[in-house]
Amino acid sequence: MKKTIVGIGEILWDIFPDRKALGGAPANFAYHCMQLGHEAYAISAIGKDPLGEEIKRELANKGLQHNLQEVSYPTGKVLVTLAETGSGSYDIQENVAWDHISFTQELEQLAHRTDAVCFGSLAQRSEETASTIHRFLAAMPAESIKIFDINLRLNYYSEALIRSSLEHATMLKLNDEEVSTVALLLKLEGSIEAVCHQVLELFALDSVILTRGAYGCNIYTAGGSNYHPSKEVSVIDTVGAGDSFTAAYVSALLAGRSRPDAIRFSTQVAAFVCTQRGAMPALPQEYRMWLEE
């Protein structure tokens, strides 16, 4: 059954040395959820400029529904540098359009019928957008899924931001490089597994999703943990792979799949995205067909 899923936060242009590509973790997430058969929306803000107009055309071409507020700030850009391994480093512009997302009546109405939302830390660097995200979360149905895909970038996070986000979330998604930072900020000790279990218990989360790149991923719940190895592929770039993983995992859960099945499926989807350029490649139709079986 088709569900209503939202990605809220930054939307921007990833500027590579030889090209630009539409990006922003929440928009990437929403796009992959749409490809997997859901009614998905990207919520963000763009400038009244050519790059903003280009984003609207790009989303229309991709068929992704959206709520893009047009504000008097420039459309966001990120300069991306790729290492030989395919991993990226990011130079993120400040005081851009997505720092100024307002909570409107239209957003409140959408929140009331949203089954799952994904939000991160980056868009919460501004008080205005952070407030909008939290108000959206508060307006969602009690049984909805709220994924905090932490996405730590540069210095755009704090202990208070992470605590507040976890208090609003039902799931946390992070990678192995982010665990030590989270542990330091929350004053937690022990192994990676111990830290994940402590976060799970402290904030009464449904689950903690830990992605470990080539070493696979773990899902921690009150009942234990599930592990799945990564699929070996020839990596083109890893930009957006984590967003596709989260989208596939949530889509599988909403389709009634078990956690082990969901983690296997999301690992396959993320591996495919790593073989493609950009954060929003078209997914093979077989993935959607598997969810609909």
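**Figure 1. Contact between helix 9 and helix 10 in the predicted model.** Helix 9 contributes D261, F265, Q268, V269 and F272, which meet Y287, W290 and L291 of helix 10 (contact: heavy atoms within 4.5 Å; helices: DSSP runs of H or I with at least four residues, strands: E runs of at least two, both numbered from the N terminus). Six of the contact residues are nonpolar, one is polar and one is charged (nonpolar: Ala, Val, Leu, Ile, Met, Phe, Trp, Tyr, Cys and Pro; charged: Asp, Glu, Lys and Arg; polar: the others, Gly among them). The axes of helix 9 and helix 10 lie 11 Å apart, and the packing angle is about 170° (axes: lines fitted to C-alpha atoms over the stretch in contact; angles: 0 to 180 degrees between N-to-C directions). Helix 9 and helix 10 are therefore roughly antiparallel (over 145 degrees; under 35 is roughly parallel, 65 to 115 roughly perpendicular and the rest oblique). Residues are numbered from 1 along each chain as its sequence is written, and side-chain values use heavy atoms, with hydrogens and water left out. In this predicted model, local features need pLDDT of at least 70 and side-chain atom pairs count only at pLDDT 80 or more, whereas totals for chains, interfaces and linings use all residues.

**Figure 2. Crossing of helix 1 (residues 25-35) and helix 8 (residues 241-254).** The two axes come within 8 Å and cross at roughly 45°. Helix 1 and helix 8 are therefore oblique to each other. On the side of helix 1, the contact is formed by A25, N28, F29, H32 and C33, and on the side of helix 8 by D243, S244, T246, A247, V250 and S251. This contact of helix 1 with helix 8 consists of five nonpolar, five polar and one charged residues.

Figure 3. The lining comprises 45 residues, of which N175, T238, V239, A241 and G242 are the closest to the centre of the pocket. Elements that give two or more residues to this lining include strand 2 (12-15), strand 7 (88-92), strand 10 (171-175) and helix 6 (176-186), as well as helix 1, helix 8 and helix 9. By class, 18 lining residues are nonpolar, 17 polar and 10 charged.

**Figure 4. The second largest pocket.** Its volume is about 150 Å³. The lining is made up of M1, K2, L36, G37, H38, S251, A255, R288, L291 and E292. Helix 10 (residues 285-292) gives the most to this lining, with three residues. Four residues of the lining are nonpolar, three polar and three charged.

**Figure 5. The largest cavity.** The model has one cavity of 30 Å³ or more (cavity: a set of points where the 1.4 Å probe fits but cannot get out). The largest cavity has a volume of about 40 Å³. Its lining consists of E10, A25, P26, C118, F119, G120, D149 and N151. Helix 1 and strand 8 (116-119) each supply at least two residues of that lining. In the lining of the largest cavity, four residues are nonpolar, two polar and two charged.

Note on methods. 1 Å grid on protein atoms, 1.4 Å probe; cavity = no way out; pocket = protein on both sides within 12 Å on 5 of 7 lines; lining within 4 Å. Points joined across faces, edges and corners; volume = space filled by probe spheres on them.
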